[in-house]
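Take a moment to look at the model below. Start with its outline, then follow the chain from end to end.

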Amino acid sequence: AALRAEAAALAQRLQELERRHEKTCEEVFRVQRQALFMKSERQAAEDRLGAAQKQLEQAQDEARRLRELHGHAEDAARLVRDRDRKITELSKEVFRLKEALNALPESGAPPQPAANTAALQARVRTLEEKLQETETRHSKVVTLYRSHLLYAVQ
């Protein structure tokens, strides 16, 4: 009877150990599943971090390129202002020379020698050609400036 009681107690203890073993196995399985899930989450976070770093590098490159374009646009604007100033100066000089040329026959002074008049006319023609050339270059610079600005805006 004592051995049966001891056997029953051992059987009961064995069942208790089996239940604890089963709970422990379930807990280990749950922890392993959770660890696997955390590992996949970590990998996904690292992937997102890599993508964000790549986007940051691209944005920094784009910002650097835009700063360069802005510098080019400012240079082009400075060239346009210089060209405008030169065109204005040449226009004033051409206008002044034309007025001087037109005033020559009307004045009561003796007519100037033909060589001086021809030289003035040649000078006027040269200045008009320079003016035309400068206006052409000016329009090219303005076109370049506009394209830089458009590109920078895009």
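Of the 154 residues of the protein chain, 12% count as buried. Here buried means under 20% relative accessible area, exposed means over 50%, and partly exposed lies in between, with a 1.4 Å probe and protein chains only. This is a predicted model, in which local features need pLDDT of at least 70, side-chain atom pairs count only at pLDDT 80 or more, and totals for chains, interfaces and linings use all residues. Residues are numbered from 1 along each chain as its sequence is written, and side-chain values use heavy atoms, with hydrogens and water left out.

What is the overall shape? Along its principal axes, the C-alpha trace of the protein chain spans about 160 × 15 × 15 Å. The radius of gyration of the protein chain is 46 Å, while a compact globule of 154 residues would have one near 15 Å. That radius is taken over C-alpha atoms, and the globule rule is 2.2 Å times the number of residues to the power 0.38. The accessible surface comes to about 12800 Å², and 57% of it belongs to carbon and sulfur atoms. Such areas come from the Shrake-Rupley method with a 1.4 Å probe; for residues, only the protein chains shown count as cover.

Now the parts. The protein chain has two helices and zero strands. These are DSSP runs, numbered from the N terminus: helices are H or I with at least four residues, strands are E with at least two.

Begin in helix H1, where alanine 2 has its place. Alanine 2 counts as exposed, because its relative accessibility is 61%. The C-alpha atoms of alanine 2 and cysteine 25 are separated by 34 Å, and the two are 23 residues apart along the chain. UniProt, in an unreviewed entry, places a "coiled-coil region" at residues 7-76. UniProt positions are given in the numbering used here, feature names are shortened, and annotations may be inferred rather than shown by experiment. The span of residues 7-76 is 100% helix and 0% strand, and its end C-alpha atoms lie 101 Å apart.

Next comes helix H2, residues 114-153. Its 40 residues should span 58 Å at 1.5 Å a residue, and its end C-alpha atoms are 57 Å apart, so the two agree. The expected span is 1.5 Å times one less than the number of residues.

Where do the helices meet? The largest nonpolar core has seven residues: Ile87, Leu90, Val94, Leu97, Val124, Leu127 and Leu131. Helix H1 (2-106) and H2 each supply at least two residues of this core. H1 gives the most, with four residues. A nonpolar core is a set of buried Ala, Val, Leu, Ile, Met, Phe, Trp, Tyr and Cys residues joined through side-chain atoms within 4.5 Å.

Look at isoleucine 87. Leaving aside neighbours within four places in sequence, isoleucine 87 is in contact (heavy atoms within 4.5 Å) with Leu131, Thr134, Glu135 and His138.

Histidine 138 lies in helix H2. Histidine 138 is buried, because its relative accessible area is 16%. Beyond residues up to four places away in sequence, histidine 138 touches Val80, Arg83, Asp84 and Ile87. Histidine 148 also has its place in helix H2. With 19% relative accessibility, histidine 148 counts as buried.
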